[in-house]
Amino acid sequence: MLTVSHLTKTYGKLAACNDVSFSLDPGSVTVLLGPNGAGKSTLMKAAIGFLRYEGEIRVGEYPNKSTDARRILGYIPELPSLYPNLTVSEHMEFLARAYRLKDYRAWADELFERFELSDKRKKFGDELSKGMQQKLNLCLGLLPRPKLLLLDEPMIGLDPHAIKELKLILGEMRKAGCTLLISTHIIDSVDMLWDRTLIMQNGSIRANVTREHLEASGKTLEELFFEVTEGQGFLREENNA
């Protein structure tokens, strides 16, 4: 569903992503781990088409910046970018019109209910607390029901109830065949069902491992992470690109 081939993105002399290649299977959940500055957000922004880069990124059979790709590709950024003069409900309506969504209101109402935003419908974006802004950020990303969804640090700033609901929704999306790529540096936040983990460090993919392979090794995800990022060892990399 997502294929990244030889992605390189530099800022001056700094290679934020250095010849990165991998692919994600349809209907799978992949966790993108790495310390701060590893290149995770750059990779995500390149995949969504926000950055110029060298290499190739495809969503299914389409180039990632094409109209066809954008119809099935969703993105939830780390930091919400809301309109201060739109209410919570107006944000959802604006996005629905942009995506030409039909019969979306029941799903929007369900998202409001699950993320405890039902009583905030008439609040403006700049009137919401940071936690509520993040909840609206999630609702906006989930509303179009994308077939491929990229989430950049989606659980930062959320309360326990919202974290629980987000994990439930992601599990539901996976069962429905959606492909998910979740970027984080907080390992405890990704104890949900996942199929593959990618570990980045210094702009490169240092490990590409399936859940089955990791469990067979007898290691935990945390143990693998520190082995890779702190140089204590290395679990055999699986490159499915």
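Guide: Let us begin with Arg145, which is exposed, with a relative accessible area of 54%. The model is a predicted one, in which local features need pLDDT of at least 70, side-chain atom pairs count only at pLDDT 80 or more, and totals for chains, interfaces and linings use all residues. Residues are numbered from 1 along each chain as its sequence is written, and side-chain values use heavy atoms, with hydrogens and water left out.

Visitor: Why is Arg145 called exposed?

Guide: Exposed means over 50% relative accessible area, buried means under 20%, and partly exposed lies in between (1.4 Å probe, protein chains only). Arg145 has 54% and is therefore exposed. Arg145 is placed in the loop between α5 and β7, and its phi is positive, about 50°, although it is not a glycine.

Visitor: What makes Asp19 partly exposed?

Guide: The relative accessible area of Asp19 is 45%, so it counts as partly exposed. Asp19 is found in strand β2 (residues 14-24) and has a positive phi of about 55°, although it is not a glycine.

Visitor: How do you know whether Thr42 is buried or exposed?

Guide: Thr42 has 12% relative accessibility and therefore counts as buried. Thr42 is found in helix α1 (residues 40-48). Leaving aside neighbours within four places in sequence, Thr42 is in contact (heavy atoms within 4.5 Å) with Lys9, Tyr11, Ala16, Cys17 and Leu51.

Visitor: What makes a stretch a helix or a strand?

Guide: Both are DSSP runs, numbered from the N terminus: helices are H or I with at least four residues, and strands are E with at least two.

Visitor: Why is α3 called oblique to α4?

Guide: The axes of helix α3 (residues 88-98) and helix α4 (residues 105-114) come within 11 Å and cross at roughly 140°. That makes α3 oblique to α4, because angles under 35 degrees count as roughly parallel, over 145 as roughly antiparallel, 65 to 115 as roughly perpendicular and the rest as oblique. Axes are lines fitted to C-alpha atoms, for helices over the stretch in contact, and angles run from 0 to 180 degrees between N-to-C directions. Where the two helices meet, Val88, Ser89 and Met92 in α3 face Ala108, Leu111 and Phe112 in α4.

Visitor: Which residues of α4 are buried, and what covers them?

Guide: The buried residues in α4 are Trp107, Ala108, Leu111, Phe112 and Arg114. Their cover includes α3, α5 and α6 (160-175).

Visitor: What makes a group of residues a nonpolar core?

Guide: A nonpolar core is a set of buried Ala, Val, Leu, Ile, Met, Phe, Trp, Tyr and Cys residues joined through side-chain atoms within 4.5 Å. The largest has 47 residues, of which Met92, Leu111, Phe115, Leu142 and Leu143 touch the most other members. Helix α5 (residues 130-142) gives the most to this core, with 6 residues. A second, separate core of 27 residues includes Leu2, Phe22, Ala46 and Leu148.

Visitor: How do you know that β7 and β8 pair?

Guide: Two strands pair if DSSP finds at least two bridges between them. Strand β7 (residues 148-152) is joined to strand β8 (residues 179-184) by 5 bridges, and the two run parallel. They belong to an open sheet of 6 strands in the order β6-β7-β8-β3-β9-β10, with mixed pairing.

Visitor: Why are β6 and β10 called edge strands?

Guide: β6 (73-76) and β10 (204-210) each pair on one side only.
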